Amino acid sequence: MKPLIKLFQSTAGRQSLMTTVANFLAAGLMAVAMIILGRRMGPVDFGTFSVGVSLMLIFHQVINVGFSQLIPRFVGNWYQEPQKQKAFLAHVLFWQGLLALILLIVVGLFLPNLAKILNYPHSTMILLSALGAVFFAFYSYLFNLFIAKQEFAKAGLINILQATFKLLAFLAIIFAWQSNLLAISSSYYLALLLAGLVLWAVSKEQLFFKPKALTGKLAKQVNRFWLHSAIAAISLVLIDNLDLVLVQQSLGEHAAGLYSGAMKVAMFLSIIGASLESVLNSRVARYKDKAVLKQFLKKSQILIILSLVLLLAVLPLSKYLIIFTLGADYLAADSILRLLLVNVFLLIPVLPLTAVFYAIDRPGYFSTTGLMRIVIIFALSIWLLPKFGAEAVAASRIVATLAVLFYSLVVVRKEMK
């Protein structure tokens, strides 16, 4: 108990707690929204909706291409150099605007082909996913900028707002249009845009700059990390979303609905890790001294105990989590949820190790771990999914997380020497 008290007495601990509370509130609102949707739509329609959202997140990486990792790093490193910050953010906006335009054109041209390849006969949903990716890029830019500037209250507020807008829209659509699939999907994406616009309107600081690509020395600094960040970010989103697309493609919409339901429950509990990650990365990016990094790693060992305690507390409740959220129609996903929960809490000890690489000049770590995860998950999924079903996909995540944990320990120990 004393180590936990000591952890939350530190600045990083208090910021983590505040971010976690805000994220839990947002996740709680989203959980209510997803519970209502899951129960009203049933596994098949809920699976169709969830695949659309996963496609949106995958499309978003065409626009993001690693900037979600670069913003905390460079805005954090240049927190005393506002001109460099502005030039970097203008560079981000230039590329994201260009890539958003390319995404919309390509999806529009190849829409029938995408529907056929994905075994997803919902062309309008795919088009909405591409438009939603643009809205999410706008939202994500603001969220990551607030985190990088350590304005955690604003980051928490924008997160809560988008969840609130989604919940209110879902309730209105269920009441007026009987859970219309296109209306539900449209409101999900529009909520991201609306939350971003509200925070932009009330913020007193300049958040957007005239788009302009970097040149010279600053461009070289950014480009050294850009490829590695892009590989890591794309890999992470593929890991979190393409597995659902694989289940949809191999086992159909009902299985995709069950797998998606388990993912939604596990995702709610993963908010703890996501909150810790946001705070740790932005703070550690400012550390320049090896002794400070070693002290940080020593303190972060408490996260191993935290993850183990949480896992032992939550794992026996998996069946009841499904019953009291999505309902008995999703009980067949209990074994999937158990495996996903193990992975959620195994990821927590990895977070401080990853944060170290926001402070030191080793960009290859991010691309290496991203590729490691995606190769392990998809090799095992494609090999085992036909024989063992969706459980094989969930289990492959655990293997990938353990591999990354081991690799991170080895590399961090080497760097600290």
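This is a predicted model: local features need pLDDT of at least 70, side-chain atom pairs count only at pLDDT 80 or more; totals for chains, interfaces and linings use all residues.
Me: What is the mean pLDDT of the chain?
Reply: Residues are numbered from 1 along each chain as its sequence is written, and side-chain values use heavy atoms, with hydrogens and water left out. In this chain 86% of the residues reach a pLDDT of 70 or more, and the mean is 79.

Me: How many helices does the chain have?
Reply: Helices (H or I, at least four residues) and strands (E, at least two) are DSSP runs, numbered from the N terminus. On that reading the chain has zero strands, and its count of helices is 18.

Me: What share of the residues of the chain is buried?
Reply: A residue is called buried under 20% relative accessible area and exposed over 50%, with partly exposed in between (1.4 Å probe, protein chains only). Of the 417 residues in the chain, the share that counts as buried is 55%.

Me: Is leucine 37 buried or exposed?
Reply: Leucine 37 has its place in helix α2, and, leaving out residues up to four places away in sequence, leucine 37 touches Gly42, Phe46, Phe49, Phe170, Ile174 and Ile184. The C-alpha atoms of leucine 37 and leucine 171 are separated by 9.1 Å, although these residues are 134 apart along the chain. Because its relative accessible area is 0%, leucine 37 is buried.

Me: With which residue does the side chain of glutamine 61 make a polar contact of 2.9 Å?
Reply: Glutamine 61 lies in helix α2, which covers residues 11-64, and glutamine 61 counts as buried because its relative accessibility is 8%. A polar contact is a pair of N or O atoms within 3.5 Å; within protein, one must be able to donate a hydrogen and the other to accept it, and residues adjacent in sequence count only if both atoms are side-chain atoms. The side chain joined to that of glutamine 61 at 2.9 Å belongs to asparagine 64.

Me: Which side chain makes a polar contact with the side chain of serine 318?
Reply: Serine 318 is found in helix α14 (residues 318-323), and serine 318 counts as buried because its relative accessibility is 0%. Beyond its neighbours within four places in sequence, serine 318 is in contact with Asp334, Leu337, Arg338 and Leu341. The polar contact, at 2.7 Å, is with the side chain of aspartate 334.

Me: How far does helix α15 reach from its first C-alpha to its last?
Reply: Buried residues of α15 include Asp334, Leu337 and Leu341. The expected span of a helix is 1.5 Å times one less than its number of residues. For the 13 residues of α15 (residues 334-346) the expected value is 18 Å, and close to this is the reach in the model, 19 Å.

Notes:
pLDDT is the predictor's confidence in each residue, from 0 to 100. Contact means heavy atoms within 4.5 Å.
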